[in-house]
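Let's look at a protein model together, one question at a time. Take a moment with the picture before reading on.

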There are 2 protein chains.
Amino acid sequence: VSDLGEHALIERITARLSLPPWVIVGPGDDAAVLEPVRGALDVLTTDAQVEGIHFDRRFVPADAIGHRALAVNLSDLAAMGAEPRAVLLSLMLPGALAVSDVDGILDGLLALAAEHRVAVIGGNITRSPGPLIVDVTATGVVGRRRALTRSGARPGDEVYVTGSLGNGLAGLRALQAQTAADGPHVSHYLRPAPRVRAGLMLSRNRAASACMDLSDGLADAARQIAAASSVRMVIDAAALPIGPEARGWFETHGQNPALAAAAGGDDYELLFTVRPSQRGRFRGALRLMRDLPITRIGSVAKGTGVVLRGPDGERPMPAGFEHFADGTAD
Amino acid sequence: VSDLGEHALIERITARLSLPPWVIVGPGDDAAVLEPVRGALDVLTTDAQVEGIHFDRRFVPADAIGHRALAVNLSDLAAMGAEPRAVLLSLMLPGALAVSDVDGILDGLLALAAEHRVAVIGGNITRSPGPLIVDVTATGVVGRRRALTRSGARPGDEVYVTGSLGNGLAGLRALQAQTAADGPHVSHYLRPAPRVRAGLMLSRNRAASACMDLSDGLADAARQIAAASSVRMVIDAAALPIGPEARGWFETHGQNPALAAAAGGDDYELLFTVRPSQRGRFRGALRLMRDLPITRIGSVAKGTGVVLRGPDGERPMPAGFEHFADGTAD
């Protein structure tokens, strides 16, 4: 992109944006100005996709990089029960990057933004002397006392997860191995669907006591909710909704599917807890989630930590991974 | 920092934060939740500091990296007339970076945040396979119909600038040359003071018709206001408030001080226009800006483009630099 100047590149991007009427000042000024939503709280999150850490350009196409950069942020908003509104896009571009790759990143990001009615209201573009980086800040709104935090789980609550597990890890491994780089697990890895509607329905119906997304895996999310809520979480290994292609991949490669799916990241599903007294509202929310499968996978007890209950008894939940310690996956 | 895990590093940072009561959910959940300000509009901006593009670790200490990463964003809010409230911090850290450098970045960022009563409400931390990057998103508030945009200048308006010019460029060049790496120009480059109060006073008093910050230099800012407002801007070279140390540096190195100061970036002053009918309100705002010098440097006319008027007549404003085309400075 070094043959195109910064201003020309910004114009190329802003020409593709359409702005809703509540954007008072959009891209092209020092900052963006938004009309707030009456009676709602503001929700803000930021997450970066870094080449060589979160994606590998040899097998992640440009549009998937853009899709993922937005999806991980929408997943964070979903986990708070927030309705996404707007994003700021911070692009750090290597000089040798093709302009068509920038267009591709925008293609993927803007398609997902349109699907969720999210406005790109501003951002920043700079050269990178190293990796390609797409850093997105997303803002949304949530009703007062409706935010889904991690600290509300109590003994006796039931534990649920949306969608299916293991696809993120199995999809990544399939792409890395360059075998069968196709199928639902690969699609899940490349273009995850953030569970925005599920988060909104849980929040608006006050149907969950705690919620978190699985960006760092089920094991990590369960551990974080258990710690923030000062409870013990018991997960039933046999109940985990492991995707068929993911299960096949794990079994073919000699891995225990439940352990692999629990430890793997990049799934972007929601893990949440439901109080017995919330069951009626939860059933109401379920009806509004359309075709999304929701699976009960465990329960909350007194104590601390997370255990995986299998046919051979209980064992501690395997360690998830931290982005920092393990650079090979998200 | 590779010996410290991601969670440990996040805990190390969040332990240093103090949060105002309008932060409903702070760091440690999927996203931050804020109580909005009644009757105000939300203002959002993002800007990254990338090692090798915006700073050189050989002569920019860690605390200055943190200071600058926040200052460039506060400067953008100031240029909109917004009051800063909160920031999200996105850190991309090379594995070989010392933990003391992370602490230093936080030192500089948090000291400036405290000075402006800005809360760090969340963020994200990841490894970088290449450069150190500090990407900040800042949010603030501005009264309805009080935002200072770039498009409001009209023929007959007067043109003003805050503070002094040329220090950013002269300070950078002095540091690069490793000579006299001290003095006001060097301090200005390393730890610029964003003109938050000046922007607020101009906005609240409705004392400016257009405003922009000088992060990419006076030439660039004048050109952008002229283009967005569809006017011609005439800048008086003799009136430019060039800092004495910057002037000395330019003269010693055979550069025309006015041209160098106009083209150079990293000054983070405000360029703004005042309608003749606003003069009374402008004088009121001036009294509230305390010791900050404000200099009239030109006027707005019919037409397009920007000219620099000197003793030899008018000449086109020199090109500023774009981050993208010129990687040697900010």
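Student: What should I know about the model before we start?
Tutor: This is a predicted model, where local features need pLDDT of at least 70, side-chain atom pairs count only at pLDDT 80 or more, and totals for chains, interfaces and linings use all residues. Residues are numbered from 1 along each chain as its sequence is written, chains are lettered from A and ligands numbered from 1 in the order in which they are written, and side-chain values use heavy atoms, with hydrogens and water left out.

Student: How are chain A and chain B related, by what turn and shift?
Tutor: Copies are superposed by least squares on the C-alpha atoms of residues with pLDDT of at least 70 in both. Chain A can be laid on chain B with an RMSD of 0.0 Å, using a shift of 0.0 Å along the axis and a turn of 180 degrees. The two copies are thus related as by a two-fold rotation axis.

Student: Which residue of chain A comes closest to the rotation axis?
Tutor: We go by the C-alpha atom here, and the distance to the axis is 2.7 Å. The residue is A:G130.

Student: Is helix α4 of chain A mostly covered or mostly open, and how many of its residues are buried?
Tutor: Helices are DSSP runs (H or I, at least four residues), strands are runs of E (at least two), and both are numbered from the N terminus. Buried means under 20% relative accessible area, exposed over 50%, and partly exposed in between (1.4 Å probe, protein chains only). The buried residues of α4(A) include A:L169, A:A170 and A:L172, and the elements that cover them include α5, α8 and α9 of chain A. Helix α4 of chain A, residues 167–177, is mostly covered, and its buried residues number eight of eleven.

Student: Which residues have the most contacts inside the largest nonpolar core?
Tutor: A nonpolar core is a set of buried Ala, Val, Leu, Ile, Met, Phe, Trp, Tyr and Cys residues joined through side-chain atoms within 4.5 Å. The largest one has 103 residues, and its largest share, ten residues, comes from helix α2 of chain B. The residues with the most contacts inside this core are B:L218, B:I235, B:L271 and B:F272.

Student: How far apart are the closest N and O atoms of A:R232 and A:E314?
Tutor: A salt bridge is a side-chain nitrogen of Lys or Arg within 4 Å of a carboxyl oxygen of Asp or Glu. A:R232 lies in strand β9 and A:E314 in strand β13 of chain A, so the pair ties together parts that are 82 residues apart in sequence. A:R232 is partly exposed at 24% relative accessible area, and A:E314 is partly exposed at 42%. Their closest N and O atoms are 3.6 Å apart.

Student: Are A:R68 and A:D266 buried or exposed?
Tutor: Their side chains meet in a salt bridge at 3.6 Å, N to O. A:R68 sits in helix α2 and A:D266 in the loop between α9 and β10 of chain A, 198 residues apart. Both A:R68 and A:D266 are buried.

Student: How many disulfides does a search of the whole structure find?
Tutor: A disulfide is a pair of cysteine sulfur atoms within 2.5 Å. A:C211 counts as buried because its relative accessibility is 0%, and B:C211 is buried at 0% too. Over all chains, the number of disulfides found is zero.

Methods. Contact means heavy atoms within 4.5 Å.
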